[in-house]
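Take a slow look at the model before reading on. Keep both the sequence and the picture in view.

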Amino acid sequence: MPWRAGTAGSPIAECTAYVTLEPCGHTGKTGPCADALIAAGITRVVFARHDPHDVSGGGASKLQAAGIEVSCTPCPEAQRVSDPFCRRVTQGLPSITCKWAQTLDGKIATRSGHSQWISNETSRRVVHRIRSRMDAIITGIGTVMRDDPLLTARLPAGRPPKRVALRIVFDPAFDIPHSCQLVQTSCAIPVGTPVRTVDTMPAGRAPTIVCISDHAYRSQTVKVDSLSREGVTVIAIPEHGRTMPSLEWVARELVRRYEVTNILVEAGGGLTGTLLKAKLVGELHVFIGPRLLADDRAIDPARMFQIEHIQDGTELALRRARVLDGDVELKYRVVKP
Ligand SMILES: NC(=O)c1ccc[n+]([C@@H]2O[C@H](COP(=O)([O-])OP(=O)(O)OC[C@H]3O[C@@H](n4cnc5c(N)ncnc54)[C@H](OP(=O)(O)O)[C@@H]3O)[C@@H](O)[C@H]2O)c1
């Protein structure tokens, strides 16, 4: 909790602290929030949700023991802020947002796979800001082969990203080339390192994790070893092939190994489609560029579905719509996967 007592001009004893989640009672990257509030001399704290986590919870009783008036007032907007954290600590799953840029007729690339650039510079600056708040960014091997992305958050000079996101590639057949940017700029991250504690890396570098099939892991040991020496982490997905459990298994593994809470997916229709079908996606973030392709062989944002009735489609709720220099930015919550 960033906290500066007495900066607003009112005596601190007359102030009420309104917070989204029960102030924590433990030392993590920073000291306990409850202790900071007690030390500041505040007399009333209102929060929107109890902390469900065994480790960090318990701050409310600490505050009460110090004579502070404490109340929990549920508020949907405030609870939404702590949803990803609560999902991680109660279900062992991260919150996943799929992001893409599309033409007005809903295509993310031409029939040949060309997609740069559908959205304008303003939209792309927004995407860098979104990346800078993520714990991990996932893409598919199709996108690596076509676009060779870097997937780092590049912000204006003087504004370092809040954290360094892990870059994750789904690549069952282990086709990723040594020469791609994600390999060439990789940096090792030891298992057990919570990603939120990683705020600096050697310039221009970030951890890269490649998720391959168990079969590829056993049959391509030379490539596994050489990529590992270059700082790439290779994870073998248990033999579910491309069925749904593999994606959920990786999502849980990212929580277990690195305490990943928020993931952004920047992939093509193949991976985005299977993530949606696996019911792992909580939000969509779409940028619409003012262009039409009108080509039925241009690429869709999500494949994998065969749906007869409109009611069987993924149901969404619009959370934000704004115009960005002629592009349109839309943010949706998945209501019914
Ligand atoms: N406009 C945009 O915002 C945007 C963003 C990203 C990409 N793109 C475009 O999208 C195109 C690439 O799309 P794409 O569909 O070919 O590639 P993709 O979605 O990036 O990757 C697809 C690959 O992911 C792997 N995969 C999919 N589901 C999986 C599962 N359940 N478990 C494990 N692995 C899984 C498969 O690898 P294997 O084939 O090895 O089995 C599959 O071929 C490019 O043209 C790119 O430019 C556009």
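Which residues line the largest cavity? They are Ile96, Ile138, Phe170, Leu247, Val250, Ala251, Leu254, Ile263, Leu275 and Leu280. Before going further, note that this is a predicted model: local features need pLDDT of at least 70, side-chain atom pairs count only at pLDDT 80 or more, and totals for chains, interfaces and linings use all residues. Residues are numbered from 1 along each chain as its sequence is written, and side-chain values use heavy atoms, with hydrogens and water left out.

Now back to the empty space. Rolling a probe the size of a water molecule over the atoms shows where empty space is left. The search runs on a 1 Å grid over the protein atoms alone, and a cavity is a set of points where a 1.4 Å probe fits but cannot get out. Lining residues have an atom within 4 Å of a point. Grid points are joined across faces, edges and corners, and a volume is the space filled by probe spheres set on the points.

The structure holds 1 cavity of 30 Å³ or more. The volume of the largest cavity is about 40 Å³. Its lining has 10 nonpolar residues, no polar ones and no charged ones. Here Ala, Val, Leu, Ile, Met, Phe, Trp, Tyr, Cys and Pro count as nonpolar, Asp, Glu, Lys and Arg as charged, and the others, Gly among them, as polar. Helix 9 (residues 244-258) gives the largest share of this lining, 4 residues. Helices (H or I, at least four residues) and strands (E, at least two) are DSSP runs, numbered from the N terminus.

Stay with helix 9. Glu248 is found there. Glu248 is partly exposed, with a relative accessible area of 31% (buried means under 20%, exposed over 50%, partly exposed in between, with a 1.4 Å probe and protein chains only). Glu248 and Leu275 are 27 residues apart in sequence, yet 8.7 Å apart in space, C-alpha to C-alpha. Leu275 is also one of the cavity-lining residues.

Next comes the loop between helix 9 and strand 9 (262-265), where Glu259 is found. Phi of Glu259 is near 50°, a positive value in a residue other than glycine. Glu259 is partly exposed, at 27% relative accessible area. Asp148 also has a positive phi, near 45°. Asp148 lies in the loop between helix 5 (141-147) and strand 6 (166-170). Its relative accessible area is 28%, so Asp148 is partly exposed.

Turn to an open space. A pocket is an open set with protein on both sides within 12 Å along at least five of seven lines. The second largest pocket holds about 1,200 Å³ of space. Of its 47 lining residues, the closest to its centre are Thr143, Asp147, Glu266, Ala267 and Gly268. Strand 4, helix 4, helix 5, helix 9 and helix 10 (269-277) each give two or more residues to the lining. Helix 5 gives the largest share, 5 residues. By class, the lining has 20 nonpolar, 15 polar and 12 charged residues.

One backbone detail remains. The peptide bond from Gln116 to Trp117 is cis, with omega near 0°. Trp117 is found in the loop between strand 4 (95-102) and helix 4 (121-131).

Finally, step back to the whole chain. It is divided into domain 1 (12-80) and domain 2 (92-336), with bounds from an automatic or database domain assignment. Their C-alpha centres lie 34 Å apart.
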